[in-house]
Amino acid sequence: MHVYDLGSAPWLHSQLVYHALPRLGMEGLILVSPAEPYVCIGYHQDVSQEVDLEACQALKLPVFRREVGGGAVYLDGGQLFYQIVLRREHPLARGSKADFYARFLEPVAQTYRDLGVQASFRPVNDIVTAEGRKISGNGAAEIGQGVVLVGNLIVDFDYETMVRVLKVPDEKFRDKVHKSLRENLTTLRRELGTVPPREVLVGTLRRNLEQVLGPLEDAPLPPAVWEEVARLERTHTAPEWLYGVHRPAGERKVRISGDTQVIRNTYKAPGGLIRATLEVKAGHIVSVDLSGDFFLYPQDALRDLEERLAGAPLEAASEIIAAFYREREVESPGVTPADWVAALRMA
Amino acid sequence: MKIGKYEFPDDLLYDKEHNWARVEGNRVTQGMTALGQALAGEIVYAEVPRVGRTVEQGQPFMSLESGKWVGRIKAVVSGKIVEANGDLEWESTLINDSPYERGWFAVIEMSNPGELEALFKPSDPAYQAFVQEEAAKYGK
């Protein structure tokens, strides 16, 4: 298989080359880091709901919608991307999605272990450290005549800019996302205290991927690819493409990793609007902030309820809320235990 | 009828891309089979196709996403989309929960009814063999 090592490339090329190859029926392993930072949303995302476009404009960050799934993310040269492009009939592209991800992400997990980080593949498509922190982002898509897997070695990550560019309902939500990202997403720099040279990262990754892909041979991209990239540049930077998805405005949810999300639910109880901002990890409420225009007396009751819910399984919320009402003499006109449960629902 | 552990209503036709077709006059409603949604896993997004769009049998016309994987759905017949299931924008999991009823994708007005001959009845041994192979291959 050909390896197209693009080094540090213009951000748009770091996206469009893997969109071009499958349209041409070509296969290959692309290795690249974007030379400039940018914001990237998933294929099915509504950019106006996911990204703070004014913040991106102020920070002079381009925004791009990729054909791979997943969420909005800030990307820069702190990540080394591997992009595996296979024709659909290639034996390595067959089988279930679970098998496909495992096939290619096990070697990436091995790469981290070779670099000194105890990482492992966690289905569906996460690579996590021994502490359970995500250290790689991955997604896939059927594009043209091929199947594409896109992922990264997260060498370094700008957490502040990441949360700055996300569209959030309020600063409380942003803070929760920031905190959750810091706790659940890590980098080679954080794990090792240093950053290995690029040639070490690339060499280690290639060696492990070669076990699956077979012999890898460096090659330049042929002119046909650059012609296709130029064509895609016209279509995929047009406003109609970026703004091409319109989703009904629903609850706000930011996925931090395979098992962690920050969610904002709003629920209209007869006694007032309840806003619940919760971080949920592996089915447990890590923390919840409750606010709204309801009345709850005494004054400390709300914080008490939040503390009782913190750390509990989401499915136990109903019991916890019932116990809260039994054990404390609270007044909440027009807001019942069932209303709190509804406000905590997973969107 | 059941093929393995999956239901395939007798009044529908099927292709080998895990699509079903309900034929009513010159119109075909398309959706995904029970086996198809099991292979896909929980569907988190569905791209609802645009009404008025022309589609071609066997060519992609919409997409679904599960597990950060964007998969393309191919049209079961050629024609023009005359209705699309907007509910899927709100609840993409309708495809998982109700693949033959509430999880329908689109209604296509056929441009070539002869294409229906390429589709299968669930009683067709070739289709049953396909379903059983797929289920075995993916452990479903």
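Reply: Start with the inside of the helix: L205(A), N208(A), L209(A) and L213(A) are the buried residues of α8(A). One caveat before going on: this is a predicted model. As for that set of positions, an α-helix has 3.6 residues a turn, so residues three or four places apart point the same way. What do the buried residues of α8(A) pack against? Their neighbours are the strands β2 (28–34), β6 (79–87) and β11 (146–154), plus the helix α4, in chain A.

α8(A) has 16 residues, and its first and last C-alpha atoms are 21 Å apart, close to the 22 Å expected at 1.5 Å a residue. Just past its end, G214(A) has a positive phi of about 90°.

Now for the helix partner. α4 (residues 97–115) and α8 (residues 198–213) of chain A pack at an angle of about 145°, and their axes are 9 Å apart. The crossing is right-handed. On the α4(A) side, the contact uses R103(A), F104(A), P107(A), Q110(A), T111(A), D114(A) and L115(A). On the α8(A) side you'll find T204(A), L205(A), N208(A), L209(A), Q211(A) and V212(A). By class, this contact has six nonpolar, five polar and two charged residues. Among its α8(A) members, L205(A), N208(A) and L209(A) are also on the buried list.

There's another helix pair in chain A to set beside it. α11 (residues 301–309) and α12 (residues 317–327) of chain A pack at about 145°, with axes 10 Å apart, in a right-handed crossing. Here L305(A), R308(A) and L309(A) of α11(A) meet A317(A), I320(A) and F324(A) of α12(A). That set divides into five nonpolar, no polar and one charged.

The loop between β16 and α11 of chain A holds P298(A), and the peptide bond from Y297(A) to P298(A) is cis, with omega near 10°. A cis bond also joins P123(A) and V124(A), where omega is about 15°. V124(A) sits in the loop between β7 (119–122) and β8 (126–129) of chain A.

Strands next. β15 (residues 272–281) and β16 (residues 284–292) of chain A run antiparallel and are joined by eight bridges; one of the bridge pairs is L278(A) with V288(A). The two strands make a hairpin with two residues between them, and A282(A) in that turn has a positive phi of about 50°.

Chain A also has an open three-stranded sheet, in the order β4-β3-β5 with mixed pairing. β4 (63–65) and β5 (73–75) of chain A are the edge strands; each has a single partner strand, so one side of each lacks a neighbour in the sheet. From one strand to the next, the twist averages 30°. Within the sheet, β3 (residues 38–41) of chain A pairs with β4(A) in the parallel sense over three bridges, and C40(A) has F64(A) as its bridge partner.

Finally, the contact between the chains. It takes 17 residues from chain A and 15 from chain B. Which strand gives the largest share of the chain A side? That is β10 (residues 138–143) of chain A, with five residues. The chain A side as a whole has six nonpolar, seven polar and four charged residues. β10(A) pairs across to β9 (residues 69–74) of chain B, parallel, over two bridges, and A140(A) is bridged to W69(B).

Leading up to β9(B), K68(B) lies in the loop between β8 (60–66) and β9 of chain B. K68(B) counts as buried, because it has 25 C-beta neighbours inside 10 Å. H18(B) is not a glycine either, yet has a positive phi of about 70°; this residue is in the loop between β3 (13–14) and β4 (19–24) of chain B. H18(B) has 22 other C-beta atoms within 10 Å, so it is buried.

How values were computed. Residues are numbered from 1 along each chain as its sequence is written. Chains are lettered from A and ligands numbered from 1 in the order in which they are written. This is a predicted model: local features need pLDDT of at least 70, side-chain atom pairs count only at pLDDT 80 or more; totals for chains, interfaces and linings use all residues. Axes are lines fitted to C-alpha atoms, for helices over the stretch in contact, and angles run from 0 to 180 degrees between N-to-C directions. Helices (H or I, at least four residues) and strands (E, at least two) are DSSP runs, numbered from the N terminus. A crossing is left-handed if the near helix is turned anticlockwise from the far one by less than a right angle, and right-handed if clockwise. Two residues are in contact if their C-beta atoms, placed from the backbone, lie within 7 Å. Ala, Val, Leu, Ile, Met, Phe, Trp, Tyr, Cys and Pro count as nonpolar, Asp, Glu, Lys and Arg as charged, and the others, Gly among them, as polar. Two strands pair if DSSP finds at least two bridges between them. A residue is buried if 20 or more other C-beta atoms lie within 10 Å of its own, exposed if 12 or fewer, and partly exposed in between; C-beta atoms are placed from the backbone. The expected span of a helix is 1.5 Å times one less than its number of residues.
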